[in-house]
Protein chains: 2
Amino acid sequence: MAVYTEVPDVELQSFITSYGLGQLLSYKGIAEGVENTNYIIHTDSGPFILTLYEKRVKKGDLPFFLGLMEHLAKSGFSCPTPVRDQSGVMLRELSGRPAALISFLEGFWVRRPQLNHCSALGRSLAELHLACSNFNMSRKNSLSVTSWPGLFESFRSEADNIAPGLSNLIQEELEHLQQNWATDLPNGIIHADLFPDNVFFLGDKISGLIDFYFACNDLLSYDIAVCLNAWCFEPDNSFNISKARALLNGYQQVRKLKKVELSTLPLLARGAAIRFLLTRSYDWLNKEMDAFVKPKDPSEYLRKLRFHQSVKDVREYGLGDG
Amino acid sequence: MAVYTEVPDVELQSFITSYGLGQLLSYKGIAEGVENTNYIIHTDSGPFILTLYEKRVKKGDLPFFLGLMEHLAKSGFSCPTPVRDQSGVMLRELSGRPAALISFLEGFWVRRPQLNHCSALGRSLAELHLACSNFNMSRKNSLSVTSWPGLFESFRSEADNIAPGLSNLIQEELEHLQQNWATDLPNGIIHADLFPDNVFFLGDKISGLIDFYFACNDLLSYDIAVCLNAWCFEPDNSFNISKARALLNGYQQVRKLKKVELSTLPLLARGAAIRFLLTRSYDWLNKEMDAFVKPKDPSEYLRKLRFHQSVKDVREYGLGDG
């Protein structure tokens, strides 16, 4: 939970006035978002989210993120949309921070996703990939396979404090991934962080996707690999093949995966597992005692990685055709 | 900032259904409220606040607090109102906590109150006192003059860690207050915690008062004394006599203070200062390293106490008649 930047009322009133949405009626900091400060804003025109971008987000990336959200919304894909002020500007400054006013998306995330949710997720992910295909900006994945060794080096000497043998395990896994990583696969813009808390539902239907602040250009099926890790394991870390099947079948209802995308999926799933194992390990070892945000347990992703290492064939993800 | 209790979506959906307010559309934990967990809830019928009462609030006091809010709203005094479910119940349970759904009050608190705000506050405080007068429940002030010595004992040995000599200063002040405390003054239900963040404005007008979770029976003018401390000092802790005059005159536009209430106001202001000096000192010395809520600096109230100790006459609060 995080309100890193407190915005004074007078400053906010003048900020909101410039959007032509009527009077500011209320604002409350919300305890969501690890990276940024978010407020729920009520105006005469309805509710909005105000986001102040904190240090972990690069200012230079914001035109890409905001542009992407606007592009998606214009394409009919449901997600929060940055509002332009009366001069047509999306990216503003408030209380010394880059800031954007963003449309309020109704819906809420599902704490215990079921098969129907995984199936809807698959379809929505494929729709996202298609809707991104004609967006004309790009952003390198700063957490891609080539950045993992550098990230690992930054905490390598302390890694075994998380789990005995972790340092060697990561070292060997990174070597394997560097040597075997798939490159000749369909690529484009991916969400790259599509955990259940970034997918809002109303009833059985997805009302929209949120939090595009890791979006980047990479292999499309890597996005699926992230979701397999985030959606298809049970709280005891056992893999639920039915959820994986629902996810993959849902995706393929909208965009058919190529044979090579299917055959390399176990490798990409290992990659996605190590990406979160690395960042969670780093956050775990560098946690601040008085932080608002409790770091997530890295060992969850160690167990997921081990599962994917054991996978010999994509059929183990519930598909008939490897 | 505080979301102490995470509410699962399925549980919340069934909870909201029992109010007959339509579908749950969204819910977000908000970073306000030191004592309780609060969510902004959107339903088909509009926005609401969901409050889960945490350990610091006594469950037995909740019927008083919720009853008072309902009484005030029915009397035309603007404040959040508990919503009754379809069986007529206000106080429910959710995720193992006492819980209430409460109407959403538009408006926001003023970070730097000016004279007009102090004047409006005074009028609203007097209106509150009048509106409470025919409420048929009561609650003892658990932080009144008789409870201060016990609270002091709980941290006395560490008090000088906050400021050298603090222990002696509090000891002498408590003796003075015990010996001279006013008793024969108009009493009734007071808010007892009317800091600027509990008073919502829309433009120059108060849209309502919030956070009645310290409300209790005590001297009415003690509520004014709390406000003198909370509203009439500048950020450098200098006393602003014009703000005090605006507050007192505003109050007297609605309810004329008796001569004895005026003459004892400096004493009550010392009492209000020590009440917050004591609780802030306790919280400061007992702060948890990983707490969501940063404890407030007690020394602010030490300086306020010293000011009131120097006051010889209520005219120093801006009134012509001592």
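Student: Is B:F276 buried or exposed, and why?

Tutor: Burial is judged by counting neighbours, and a residue with 20 or more other C-beta atoms within 10 Å of its own is called buried. Here B:F276 counts as buried because it has 22 C-beta neighbours inside 10 Å. Keep in mind that this is a predicted model.

Student: In which helix does B:F276 lie?

Tutor: Look at helix α9 of chain B, which covers residues 265–285; B:F276 lies there.

Student: Which residues does B:F276 touch, leaving aside those up to four places away in sequence?

Tutor: Its contacts of that kind are B:N229 and B:Y301.

Student: Which residues have the most contacts inside the largest nonpolar core?

Tutor: Here is the general idea: in soluble globular proteins, nonpolar side chains tend to be buried together. In this model, the largest nonpolar core has 190 residues. Those with the most contacts inside that core are A:C227, A:L228 and A:L247, together with B:C227, B:L228 and B:L247. Take B:L228 as a case: not counting residues up to four places away in sequence, B:L228 touches B:A244, B:L247, B:A269 and B:Y317.

Student: How is chain A related to chain B?

Tutor: A turn of 180°, with a shift of 0.0 Å along the axis, places chain A on chain B with an RMSD of 0.0 Å. The two copies are therefore related as by a two-fold rotation axis. To find that axis in chain A, go to A:I30, whose C-alpha is the nearest to the axis, at 2.1 Å.

Student: How many residues of chain A are in contact with chain B?

Tutor: There are 23 residues of chain A in contact with 23 residues of chain B. On the side of chain A that touches chain B, the elements giving two or more residues are β1 (24–30) and β2 (37–43). Of these, β1(A) gives the most, with six residues. By type, that side of chain A has 13 nonpolar, four polar and six charged residues.

Student: Why do we say the copies meet through the same surface?

Tutor: Because 100% of the interface residues of chain A are also interface residues in chain B.

Methods
Residues numbered from 1 in each chain as written. Chains lettered and ligands numbered in written order. Predicted model: local features only at pLDDT ≥ 70, side-chain atom pairs only at ≥ 80, totals over all residues. Helix = DSSP H or I, 4+ residues; strand = E, 2+ residues; numbered from the N terminus. Buried ≥ 20, exposed ≤ 12 C-beta atoms within 10 Å, placed from the backbone. Contact = placed C-beta atoms within 7 Å. Least-squares fit on C-alpha atoms with pLDDT ≥ 70 in both. Nonpolar A, V, L, I, M, F, W, Y, C, P; charged D, E, K, R; others polar. Core = buried A, V, L, I, M, F, W, Y, C linked by C-beta atoms within 7 Å.
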